[in-house]
Amino acid sequence: MYRGLSLAFALIVFLGLAAGANAQDGSQDGSQEDFSKRVAAWEETATRVEQALRDETISKATLDQLRADAVADREEAFEIIKDDSLEVRMLQAQLDALPDPPGENVEEPAAVTERRAELLQAIATANAPTLAAREAYNRADVLVSEIDRIIRSRFTTDLMERSPSPLIPTHWPAAIGELFGYVGAVSAQIGTDLEKPENRTRFLRGLPIAIGLIIIALVVLLILQPWVTKRLDALVLAADKPTKERLYWFATLMVRLILPTIAGAAFYYAFKALAISPFAARSVVAAIVSLPIFLVVGYWLGQLVFSPTVPAHRVLQMDDKRAGRAAHLCLALGGVLVAEALVEAAGRDYDFTPASDAILSAIVVVTGSYFVWRLARTLIAARQAPADAPGRPMPAETGPGVDFVTLLGRLMQLAAVAAVVFVVFGYVKFARQAMVPTILSLGAIGFALAIYLLLSGLSRGLLRGRPPEDVPIYSIVPIAIAFVVIAAALPIFALIWGARVADLLEIWILSVQGVEVGGTRISIGVIFILIAVFLVGMSITRWLQRVLDTSVLPKTRMDRGARKAVLTGLGYTGVTLSALVAISVAGIDLSNLAIVAGALSVGIGFGLQAIVSNFVSGIILLIERPVKEGDWIEVSGYSGIVRRIAVRSTRIETFDRHEVIVPNSELITGTVTNMTLSSKTGRLIVPVGVAYGADIEKTQEILLEAARDNDKIMPNPEPVVLFVGLGESSIDFELRCFLADVNTVVTVKSELLLEIYRNLGQAGIEIPFPQRDITVRNVDALAEAIASQVAARASASQIS
């Protein structure tokens, strides 16, 4: 488990070698005889694998070898399948050139029938290698899947194997005795080896070198590193420019990585100089080279993420005390990995009993779980600190929704508790799968975070000085970097949590070879070409839209709405053409997806008919243009200005500054009043009422004069005043006039009313208001009732 990171680098190298091998295989052009031999070899391999799978005692090493052979045959078969035969295409073209087969009762010329039969036979013969390769490919694929299933089943069974519980007291003396027995055996063998003159000579010759290297390592760790890092931290804190601060901080990180690495290497070579390599501890000796790495990486990641001495560069913000504690816990987790590596290596060198192995593993698991729990508590406590506490992160860092640091802390606590619980019940191997991968995952997260911060800093430096219109790229680049880092880290996490290199290679092969969908093979290469060509097409479309909008359309007589319709139509056309060209270049045959398209059409007909209707209506709006941007319309009870016509809906801004989203289908199928469709001319009607007895001729003259004096009213057609009725309280007139811009109707009406009111008042013409006469009947009876009530109350008061 502790070799997960090394396996990740081995995976990358293996992928490169596999790619080279595939290129060599693809360059071979065998004859028919060679192909027959290859088919026979495929058959021999498949038969051998099938026979081996019937043996339930077959070893994992044998299974891995058989799997490699089956994968190699599958790769060869795939290379033949994917190469489209030129001969087959030529024969198919000749067959397509023949007339279509006649109906049942129509005879075809014998020459055509004979020629069609010859071509069909030739196509079948030319397709024989492809059919044989496809059969071998499918057979090898099934065998590979079966081998993977057997290996996973064995791994699960081994993982869930129950060991004696380490809580049984009687097992501890035996475990301690076996541990001392192992140490004694190693010590005895070292003593025996040193009794030989040549070994003693090498030991004594290397002893001064080992002592010197140990002294150098201690000086580097205890004197040089604290002195250098302290001064670099001071430079970081005193830097007056961001560039200098980042430079000093990067130097500090490098020092904290390089100097401990030098010290670790000195310790390792000091051990090598002693020339001590007892056979009883051969696995421990082989694992010693990895032990300093865990300690150095744990220390460096703690300094990188928590930065106890420089709070400004602390990735996870918290107070200095918690930051120092978290950094020490990272180093302690590195020590846990060292102990895990030693226990695992010792288990391979010495035949410990299951109880002793469980006890030794339990000690490591419980210790690691304790440190993981404390680190999780530190993270959670830092996130839950009061808002005014030192080191409390700003809300912008956590963002809305889930607090991922707190979530990570809870998962760490869960893993720590699960590891201890499984140890108690004797599932030691499963407990190690809960604890050790958790520690390695934390290290991988730290590595990924470091790479992300480094790339983000470099991108900010490269993008500095870009023009203001390119500002959105600052938000896109970090997202792209995060996506790349996560994608690169996924294989490492898979290896940490028990995946095999073969499993990752299988996923890689599947993604490269692709899967067939409707007769079309979809792979990573096809998807990449599809996306790349589509993005190029969209870039060209956006460039054309920008050129038209800034250079071409402003020189025409088209209004703003027409220009917007042209640009939108060009955008839709560009998207459609880009998609079609991308699909064609990627080699996707849409005719093979006819069944899928038919099924989708049924779904569109029932579930998406409203969306499709609005989409088609939007296209009609752009072509016919009964409504365009900037028009004043009334639809569905709303009145306002059209601000934007999109593919699905139209946005209308009412005069109350409200945004109304109207589906495009209502603009096509419903009744729409467009005040500014053909022109902005509109009629204004101003009703005016005067009192009975007023001078009618004078009133008409005042109304006409008010209209003629307003420069926003058109002189032709001329304003008119109509006598429209005799109301209950007034004589009713209407001033009717036409405006050059109907959008000013409210302003002009207000100006006219003010002018008319002022002029009518100066002329002594009254503007009436409603008056009502109230008639009260049976007044005498009402007076008698009131008098009787008054008398009754008076008598009641006298009695009391």
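Trainee: How many bridges pair strand β3 with strand β4?
Mentor: This is a predicted model, in which local features need pLDDT of at least 70, side-chain atom pairs count only at pLDDT 80 or more, and totals for chains, interfaces and linings use all residues. Residues are numbered from 1 along each chain as its sequence is written, and side-chain values use heavy atoms, with hydrogens and water left out. Strands (E, at least two residues) and helices (H or I, at least four) are DSSP runs numbered from the N terminus, and two strands pair if DSSP finds at least two bridges between them. For β3 (residues 632-635) and β4 (residues 638-645), the pairing is antiparallel and the number of bridges is 4.

Trainee: Which residue in the hairpin of β3 and β4 takes a positive phi?
Mentor: Start where the strands face each other: valine 635 has tyrosine 638 of β4 as its bridge partner. The hairpin has 2 residues between the strands, and the one with a positive phi, near 55°, is serine 636.

Trainee: What are the edge strands of the open sheet?
Mentor: The open sheet has 5 strands, paired antiparallel, in the order β6-β5-β4-β3-β7. Pairing on one side only is what marks the edges, and the two strands that do this are β6 (659-663) and β7.

Trainee: How many salt bridges does the structure hold?
Mentor: As background, side chains of opposite charge can pair when their charged atoms come close. Here a salt bridge is a side-chain nitrogen of Lys or Arg within 4 Å of a carboxyl oxygen of Asp or Glu. By that rule the total is 22.

Trainee: How many residues apart are arginine 139 and glutamate 50?
Mentor: Their side chains meet in a salt bridge at 3.1 Å, N to O. Arginine 139 is in helix α6 (residues 128-159) and glutamate 50 in helix α2 (residues 32-53), so this pair links distant parts of the chain. With buried set at under 20% relative accessible area, exposed at over 50% and partly exposed in between (1.4 Å probe, protein chains only), arginine 139 is partly exposed because its value is 26%.

Trainee: Which residues does the salt-bridge network join?
Mentor: Take arginine 348 and glutamate 344, whose closest N and O atoms are 3.6 Å apart. Both lie in helix α12 (residues 320-349), 4 residues or about one turn apart. Salt bridges that share partners build one network out of Glu340, Glu344, Arg348 and Arg432.

Trainee: Which helix gives the largest share of the nonpolar patch?
Mentor: Patch members have over 30% relative accessible area and no salt bridge; like charges are joined within 9 Å, nonpolar side chains (Val, Leu, Ile, Met, Phe, Trp, Tyr) within 5 Å. Areas come from the Shrake-Rupley method with a 1.4 Å probe, and for residues only the protein chains shown count as cover. The nonpolar patch covers about 930 Å², with Leu204, Leu222 and Phe267 among its members. With 10 residues, the biggest contributor is helix α8 (residues 197-238).

Trainee: Is leucine 222 buried or exposed?
Mentor: Leucine 222 sits in helix α8. Because its relative accessible area is 63%, leucine 222 is exposed.

Trainee: How many contacts does the model have for residues 387-402?
Mentor: pLDDT is the predictor's confidence in each residue, from 0 to 100, and a contact means heavy atoms within 4.5 Å. The chain averages a pLDDT of 79, with 85% of the residues at 70 or above. Where pLDDT is low, the predicted coordinates should not be read in detail. Over residues 387-402 pLDDT stays under 50, and the count of contacts beyond four places in sequence is 18.

Trainee: Which residues does glycine 727 touch?
Mentor: Glycine 727 lies in the loop between β9 (720-726) and β10 (731-739). Leaving out residues up to four places away in sequence, glycine 727 touches Tyr692 and Asp732.
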